[in-house]
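Reader: I would like to learn how to read salt bridges in a structure. Please take me through some cases.

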Amino acid sequence: MKKYETLIFDLDDTLIDNNQSIKYAFDIMINSLGIKYSDDLFLEWKKFDTAYWHTWESGKMVIPNSIKTLEEKITYLRANRFIIFFKKLNLDFNAAISLNELYCSMLGVNIVEIEGAAKLLEELNPNYEILIATNGPKKAAINKLEKAKLKEYISSIVCSEEVGFSKPMKEFFDFLYDKTQNKDKKKMLLIGDSLTTDILGGMNNGIDTCWLNPNNIPTPKEYCPTMTINKLLELKKKI
């Protein structure tokens, strides 16, 4: 069995049930706009938001030339999605920024851990360096980890907004590598639920991967996770 020293966990839908978090945040956000919540609208938002960030992660998002700094880039990316999604409301940029701030602040309120997350991290913590690698906002990530009582097991949290690039981009993983105490990639394992960000990111950057696949979906030919688990607690047996 291969000996790992560093375990890198995705956060949303790997350690935290992201659906519960975003549903709560979305409900609060649209109520602030005077819009009544519905499951259909929520599902439309989830589909749009996922596609939006996949466009960015694949390097196909066009950023205006006027955007210069990392802070400006993050602000633009997060606000612009609300302008697009709520195009019938004709939101101006400042209104979209405020809407994003409300949404992000609410993401860390209704927190439900993935079954077994706390137990697993508690058991792994004495023997492994444990990091979080997420494309979500930093403030929300910290809130989620604290409310789920997971933060004490984490040595470092790396978020796309502080890097300026997202998983699976090389720049994100270069930044992540700088944060690890162990510098041997052969002794690192990335655990996540997303093939397009976590598994592809590990594949492209020389890091072994563990795909959390709770629905037992067949693995597409273009992805080659090092190992696959259906439940989080299965990880301990794998490593």
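Author: The turns below go through salt bridges in this predicted model.

Reader: What lets side chains pair in this way?

Author: Side chains of opposite charge can pair when their charged atoms come close. This structure holds 10 salt bridges.

Reader: Which parts does the pair of K144 and D12 tie together?

Author: K144 and D12 form a salt bridge through their side chains, at 2.7 Å from N to O. K144 sits in helix α6 (residues 138-147), while D12 is in the loop between β1 (6-9) and α1 (18-32), so the pair joins parts 132 residues apart in sequence.

Reader: Are K144 and D12 buried or exposed?

Author: Buried means under 20% relative accessible area. K144 has 3%, so it is buried. D12 has 16% and also counts as buried.

Reader: How many residues apart are E123 and K119 in helix α5?

Author: They are four residues apart in helix α5 (residues 117-124), which means about one helical turn separates them. E123 is partly exposed at 28% relative accessibility, and K119 is partly exposed at 47%.

Reader: What is the case for D174 and K170?

Author: D174 forms a salt bridge with K170, and their closest N and O atoms are 2.8 Å apart. Both lie in helix α8 (residues 170-179), four residues apart, or about one helical turn. D174 is partly exposed, at 33% relative accessible area; K170 is exposed, at 52%.

Reader: Which residues are linked in a network of salt bridges?

Author: A network of salt bridges links D10, K167 and D198.

Conventions:
Residues numbered from 1 in each chain as written. Predicted model: local features only at pLDDT ≥ 70, side-chain atom pairs only at ≥ 80, totals over all residues. Heavy atoms only, no water. Salt bridge = Lys/Arg side-chain N within 4 Å of Asp/Glu carboxyl O. Helix = DSSP H or I, 4+ residues; strand = E, 2+ residues; numbered from the N terminus. Buried < 20%, exposed > 50% of the residue type's maximum accessible area, 1.4 Å probe, protein only.
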